[in-house]
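Work through these exercises with the model open beside you. Try each task before you read its solution.

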Amino acid sequence: MKVGVLALQGDFREHISILKKLKLTPIEVRTKEELDNVKALIIPGGESTTIGKLLKKYQLDKEIKKRYKKGMPIYGTCAGAIVLAKEIIDSDQLNLDLIDVSIERNAYGRQADSFEADISLPNSKKPFHAIFIRAPKIKQIRNGVKILSKHKKEPILARTDNILISTFHPELTEDTRIHEYFIQMAKDKYN
Amino acid sequence: MNWTTACSFARRNDAYFVNFKNYIKLARIGGFIMISEKKGTLKLKTGLAEMLKGGVIMDVVTAEHSKIAEKAGAVAVMALERVPADIRAQGGVARMSDPRLIKEIMASASIPVMAKCRIGHFAEAQILESLGIDYIDESEVLTPADDKFHVDKHKFKVPFVCGATYLGEALRRINEGAAMIRTKGEAGTGNVVEAVKHMRRMNSDISSLKKMSPKQLIEYAKQERVPLQLVNLIKKLQKLPVVNFAAGGIATPADASLMMQLGCDGIFVGSGIFKSSNPLKMAKAIVEATTHYKDPKVLAKVSEGTGDAMKGQEISKLETKMQERGW
């Protein structure tokens, strides 16, 4: 399966190497043509304000929304989760409004408050080592959004039918389980 | 734990770099579930740099500049009192910026804020860390405070970026705990030639490790005063184990593309933005050029009508070469 990774800014290379490890065909997406070529899309970690501006500049925001309406699954990590949210608290930056949550940027604080922690995953006994970097918090969850994992009572991994978001960075570890989960979401969609 | 053991450890185990001082354990009542959080680890330090990749970090001297930088799409700002071009023009000893200015910029920015300390000036670094800055640049742009030692960056929770002109220098900084490397270039000149030189040298140094015998690698490690394990790691990875940005003399969108095509992970622009005639436009153009660095059509479009780039200087006419600072 061809899986796109939005490559405007951020740690897209780390997502690509995980996808390669899973024997998929990763594609760097910077243009509409590249987007047309993929079955699923990952929006990586990075700086959400920068990614938002670059999405808008080349109208990729509209193209992604169009593809979503046609059923393309999308996974956003950290900045990617912020970009996908319906509401970004106290910010007028671009959001794609594809998952009905309110998200707050840098909600744990600055870099000094970035942290690593073991979290639990649904249907798995083995903990997942999660990396939170100037991470956002999902403050409100509405229509049809299911929480898949929490850390200290805060949702950190959530999904709808077609959108997956995590406030941490599975791409910075060697553990591929969350990417596998997303790929399964995509496969379920297309079968 | 030093870098080399940390790197090999990380490859084996996702538990990563345990720093017991920073280990926070919260036992839930009843004691059934232990939730532990680790802060200030090498993984978190290098991780933030990974998030900045493909982006532009801009020098700003006021909160207002910082807002312009954010509006233009900067991934982070460097808070300082004077841009390198002015430091060069005014002379004298250049030091860490006033904490008040740094705090103002931190308050106005929603993106990460970096600040500079002098080479070896660990007290300035301690002050910056206490302000809650996101990254410290131990920078040759300021006047060095120690002629032998750089800051022992392992002692800090805040991550550091350091300049390097070739591989050995980068490895010494990484061994001291730097979580991000940048070329030194020649800051404040608007002349990209030195940054290009440093990046090409870095690439050829890394590639030349491939041909070295085990004995030559031992000799190289000894000569560069770095652990052999770290040298072996670079030989295997064929890249630095941390993010490497371009810095020093980048003044136009084409300069940014040039550095990205040479293999840099992102761009620092110092004087190049706020010494140009239309800073917002120039800043936006450099941001787009850094993303679409492989696409000459986009580069042509964004380069159009950016106004005058900073005037710039010939390297041979300089009184001080900042790149020679650091050891």
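**Exercise 1. Find which residues lie nearest the centre of the largest cavity, then describe its lining.**

Step 1. Look for P84(B), A187(B), A247(B), G248(B) and G270(B), which lie nearest the centre of the largest cavity. They belong to a lining of 25 residues. A cavity is a set of points, on a 1 Å grid over the protein atoms alone, where a 1.4 Å probe fits but cannot get out; lining residues have an atom within 4 Å of a point.

Step 2. Note the elements. β3 (56–60), β6 (135–139), β10 (267–269) and α12 (271–274) of chain B each give two or more residues to this lining. Helices (H or I, at least four residues) and strands (E, at least two) are DSSP runs, numbered from the N terminus.

Step 3. Sort the lining by class. The largest cavity has ten nonpolar, nine polar and six charged lining residues. Ala, Val, Leu, Ile, Met, Phe, Trp, Tyr, Cys and Pro count as nonpolar, Asp, Glu, Lys and Arg as charged, and the others, Gly among them, as polar.

Step 4. The largest cavity holds about 190 Å³. A volume is the space filled by probe spheres set on the grid points, which are joined across faces, edges and corners. The structure has four cavities of 30 Å³ or more.

Before going on, note the ground rules. This is a predicted model, in which local features need pLDDT of at least 70, side-chain atom pairs count only at pLDDT 80 or more, and totals for chains, interfaces and linings use all residues. Residues are numbered from 1 along each chain as its sequence is written, chains are lettered from A and ligands numbered from 1 in the order in which they are written, and side-chain values use heavy atoms, with hydrogens and water left out.

**Exercise 2. Which element gives the largest share of the lining of the second largest cavity?**

Step 1. Locate the cavity. G46(A), E47(A), N106(A), I133(A) and R134(A) lie nearest its centre, among 15 lining residues. Its volume is about 150 Å³.

Step 2. List the elements. α5 (79–84) of chain A and α2 of chain B each supply at least two lining residues.

Step 3. Pick the main one. α2(B) gives the largest share, three residues.

Step 4. Sort by class. The lining of the second largest cavity has nine nonpolar, three polar and three charged residues.

**Exercise 3. Describe the contact between chain A and chain B.**

Step 1. Count residues. Chain B brings 47 and chain A brings 42. Contact means heavy atoms within 4.5 Å.

Step 2. State the area. The two chains bury about 3500 Å² between them, with 52% of it on carbon and sulfur atoms. Buried area is the accessible area (1.4 Å probe) that two parts lose on being put together, summed over both.

Step 3. Count salt bridges. There are nine between chain B and chain A. A salt bridge is a side-chain nitrogen of Lys or Arg within 4 Å of a carboxyl oxygen of Asp or Glu. One joins R13(A) to D265(B), with the closest N and O atoms 3.2 Å apart.

Step 4. Look at the chain B side. β2 (34–39), α2 (42–52), α3 (63–72), α13 (279–291) and α14 (296–303) of chain B each supply at least two residues. α2(B) gives the most, eight residues. By class, the chain B side has 20 nonpolar, eleven polar and 16 charged residues.

**Exercise 4. Where does E176(B) sit, and what does E176(B) touch?**

Step 1. List its neighbours. Leaving out residues up to four places away in sequence, E176(B) touches H150(B), V151(B), D152(B), K153(B) and H154(B).

Technical notes:
On a 1 Å grid over the protein atoms alone, a cavity is a set of points where a 1.4 Å probe fits but cannot get out, and a pocket is an open set with protein on both sides within 12 Å along at least five of seven lines; lining residues have an atom within 4 Å of a point.
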